[in-house]
Amino acid sequence: MGTKQEETEQTSEDKDAPQQDSASVADVSVEVATVDHTLRMLRRMYRKSRRKPKGLKRLLAYVLNIPHITVIVTAVVFVLVVIIWSLLWVFIIRRESYSGAYFAGMFRVANVEFLPEYRQAESHEFVSIATKIQHVVSSVYKTSSVARLYKQAVISDLSNNDQGGVLVHFWMVFVIPRVKSAVMSEEFVGAILKNSVLTSLQNRSSVGYLLGLPVDIDSILINVVQRSDYTSNTEDSQCVDKLYANLPGVSVPLNVFSSWGGVSCHVKLTSAPGSLIRLVVSSFLIEPTDCVDDALVVYDALLPMRGRILHSLCEPVSSSISIVSTSNVMLLSFRMSDNKSFKGYFEAIAEEKCVSEVETQPEGQIYSPFYPSMLPPECACTWKFKTPNPGLGVALHFQNYVLKPKDMKGCNNGWWRVNEVIFCGIYVGYHTVFRIAHHSPAVEFRCSSPNSVQPFQASYSSYNISHPCPESYFLCTTGLCVERSRLCDGLDDCQDESDEMLCSRPTMNCGSSSHPLFVCNGEVDCSHGEDEINCTQETTCSEIRYQCRSGSCILKKNAKCDDVPDCKDHSDEADCDCGHPTPVNKGGSSTGLHRIVGGVNSVEGEWPWQVSLHFDGSLYCGASVLSSNWLISAAHCFSKDRLSDPRYWRAHLGMLMQGSAKHVAEIQRIVVHEYYNAYTFDYDIALLHLKKAWPASLSPLVQPVCLPPSSHTITDSHRCIVTGWGYRSEDDKVLPTVLQKAQVSITSQTECQRIYGLISPRMLCAGVPSGERDACRGDSGGPLSCQAPGGSRWFLIGIVSWGSGCGRPNLPGVYTRVTKFTSWIYSHIS
Ligand code: 4AZ
């Protein structure tokens, strides 16, 4: 193109200019041609200048010439681009590609006498030893493979414990390219220090030398910390306090109040070597925001080390709780928004010598160490029981704790040795009896959790080893004794359904006594309908009887929201704005393509309680709407690190096709059931509190599902549908766009236990024998909604939890049994 332009120009110039030898023009370079061209132009301008104005105007005329404008604009744009790019490089790109990595660490320097002056960071003694230690740490890292990334070490605290020497707490900062950030793990940084000590270890001693400094290798601990932890803890911070409790039994008050702007404060507590610290929280008035805005994190160290978290308080505390450290230091890290307050105190306490001889006659109580304080990560207790005669064993009655034989999964809530056999403690939602068939057993308990856990108490008694339960009673596998008449009555009297196993399918005795499962279940089982009469008569309460708001119970199981007032106070028909879909049929529907596992497309408004939960922007789980600001889902969706942080989640409401939600809600708080067990998936339930209620104008396309009372029963004639945007088969790679639905049948508990073995009373199974209809990955947390025959409302009967694969024959999906959690749910949402 350029060449053509030059040719054209030349042709027009020829009129004014003397003729040129065409061969010589072709031989010279473009530059020469341009000079020639410019000379001619200048000549022309000179000629024109006789007629035209001079000076500025001449320059303007030159500049405003079209080809010149193009050249100048291009040059200016080029210069601007270069400048902007350079600025971006200097201030953003270069800065972004490097970042600070912050670590908190500690180790014990042995063979050094602790001086009281070490407690003051300004003292000459502190500065002197801290400089020495800082130099050693710096030298180790400056001669390591990460020397170029190492920036600095800051000694923050020196303390002493009963092991002797000086416990050094320090910070370390590295500046690392982002691409290398994964390499700088705390294990790697810690290994550099440990390896340096390791080379000098001698004679099985744990003390080696770090450039001449005697360091206990077992005490070395390095943890990654947030930059904010580092900046808010270092010396120039306004809010670091140090408090001491030297005398046991003297309590030191602790009051923190956040005025305008909120506070982020660290309070370091120390007591005398050999003692422990008990922190008592009398009140903590904060907003429950899942540890985002308001929280108190209690550390078992003087720096905020992740591996040393004793307890995180993220909910308001109104009745006192207390936490015990494992040594003589504790750090309280407060994050409090405006007008929040903390009241409490701390004290030095002695380590408990927890060995006792216990006579089981009369009966009594045993308590966990430091009771009623929470159990620290380290503790031990031994009880030597003795019953009056060799025929009597020891029974331990726990409120919410069960001892199970130790398996491969490890023990996180207490380790027990009972006459040399090892058990693990697990917190549960029911009471249990642990029976020891020995008249003088030694029972040893050790704390085995990484953080503080709930304390326990147990009442002990003796029992007859050959007849553990009285005559006409049945021994449950939970250790409880229940009346034989309660076997196979449809009620979980044993708390683990061991009284409901191996029962033949209950038969209706229409003559005299009727099986409780058939009575008033909404279906006529006897030819004359005897099983469905007098159902609204008030009767004694039980798990399978509906309880009215007045407290009285009626036999009718599914009285709630069935459009018939059954309770005298009509409370069964109150709060029934739920479970009523208004499907908008736009042609596509139940006959659509088969998706999920054997599902079909839903239509708009068919499942207005269905929620799509997105983690970090992608579909991760399902959930259901319970009210204007609460959703319900599965605990396993939120069980690991970042998954438990509500800030990463978004709830898409009123959605049929992915990406077309009527409303996207942020989550304020995730309440995972306190007994959720990540190994067994027991108690797989969680509640999500929305930051803001969804707008009422979204109804009926967004609407709550009905929550079943604990008495609610499902029969074969109920219609149960599982919905979600999960995978359509085990090895599917693409998620469906349209919300899928599949009808499934409830599998009997006995059958499901036969299939899977580990099915707790808090689980229910549903599927079809062929396996062709099932939930799958991505559906977790979503609803299994059931509707009574002829009924208008849908109840949330299950929450998608787990299963063996997806859509396999004779392997039904496993759901959380919602009726077991009615009171737990109401205790949080109302
Ligand atoms: C899951 O991984 C999952 N077939 C959910 C449900 C089922 C299996 C797996 C049941 O979320």
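**View 1. Strand 10 and strand 11, paired side by side.** Strand 10 and strand 11 run antiparallel and share four bridges; two strands count as paired if DSSP finds at least two bridges between them. What you're looking at is a predicted model, where local features need pLDDT of at least 70, side-chain atom pairs count only at pLDDT 80 or more, and totals for chains, interfaces and linings use all residues. Residues are numbered from 1 along each chain as its sequence is written, and side-chain values use heavy atoms, with hydrogens and water left out. Strands here are DSSP runs of E with at least two residues, helices are runs of H or I with at least four, and both are numbered from the N terminus. Look for Tyr299, which stands opposite Ile309 in strand 11. Strand 11 is mostly covered, with four of its five residues buried. On the accessibility scale, buried means under 20% relative accessible area, exposed means over 50%, and partly exposed is in between (1.4 Å probe, protein chains only).

View 2. Zoom out and you get an open sheet of five strands with mixed pairing, in the order 6-8-13-10-11. Strand 6 (240-245) and strand 11 (309-313) sit at the edges, each pairing on one side only. From one strand to the next, the twist averages 15°; axes are lines fitted to C-alpha atoms (for helices, over the stretch in contact), and angles run from 0 to 180 degrees between N-to-C directions. As a reminder, strands of a sheet pair through backbone hydrogen bonds, either parallel or antiparallel. Strand 10 (residues 295-299) and strand 13 (residues 329-336) are antiparallel, joined by five bridges.

**View 3. Ser333 and its surroundings.** Ser333 is part of strand 13. It counts as buried because its relative accessibility is 11%. Which residues does Ser333 contact, leaving aside neighbours within four places in sequence? They are Cys265, His266, Ala295, Leu296, Val297 and Tyr299, with contact meaning heavy atoms within 4.5 Å.

View 4. The whole structure holds 26 salt bridges, each a side-chain nitrogen of Lys or Arg within 4 Å of a carboxyl oxygen of Asp or Glu. In this one, the closest N and O atoms of Asp157 and Lys242 are 3.2 Å apart. Asp157 sits in strand 2 (residues 150-159) and Lys242 in strand 6, so the pair links distant parts of the chain, 85 residues apart. Asp157 is buried, at 4% relative accessibility, while Lys242 is partly exposed, at 27%.

View 5. The side chains of Asp294 and Lys340 form a salt bridge at 3.9 Å, N to O. Asp294 is in the loop between strand 9 (275-285) and strand 10, and Lys340 is in the loop between strand 13 and strand 14 (341-350), so parts 46 residues apart in sequence are tied together. Is Asp294 buried or exposed? Asp294 is buried, with a relative accessible area of 0%, and Lys340 is buried too, with 10%.

View 6. Asp575 and Arg549 meet through their side chains in a salt bridge of 3.2 Å, N to O. Asp575 lies in the loop between strand 29 (553-554) and strand 30 (600-601), and Arg549 in the loop between strand 28 (546-547) and strand 29, so the pair ties together parts 26 residues apart in sequence. Asp575 is exposed at 64% relative accessibility, and so is Arg549 at 59%. Elsewhere, salt bridges with shared partners join Asp157, Lys242 and Lys268 into one network.

**View 7. A nonpolar patch that includes Val76.** Ile72, Val76, Leu80, Ile84, Trp85 and Leu88 make a nonpolar surface patch of about 550 Å². Patch residues have over 30% relative accessible area and no salt bridge; like charges are joined within 9 Å and nonpolar side chains (Val, Leu, Ile, Met, Phe, Trp, Tyr) within 5 Å. Areas come from the Shrake-Rupley method with a 1.4 Å probe, and for residues only the protein chains shown count as cover. Val76 lies in helix 5 (residues 66-96) and is partly exposed, at 45% relative accessibility.

**View 8. Leu707, a buried loop residue.** Leu707 belongs to the loop between strand 36 (686-690) and strand 37 (719-724). It is buried, with a relative accessible area of 5%. Not counting residues up to four places away in sequence, Leu707 touches Lys560, Leu626, Phe795, Val818, Ile825 and Tyr826. C-alpha to C-alpha, Leu707 and Phe821 are 9.8 Å apart in space, though 114 residues apart in sequence.
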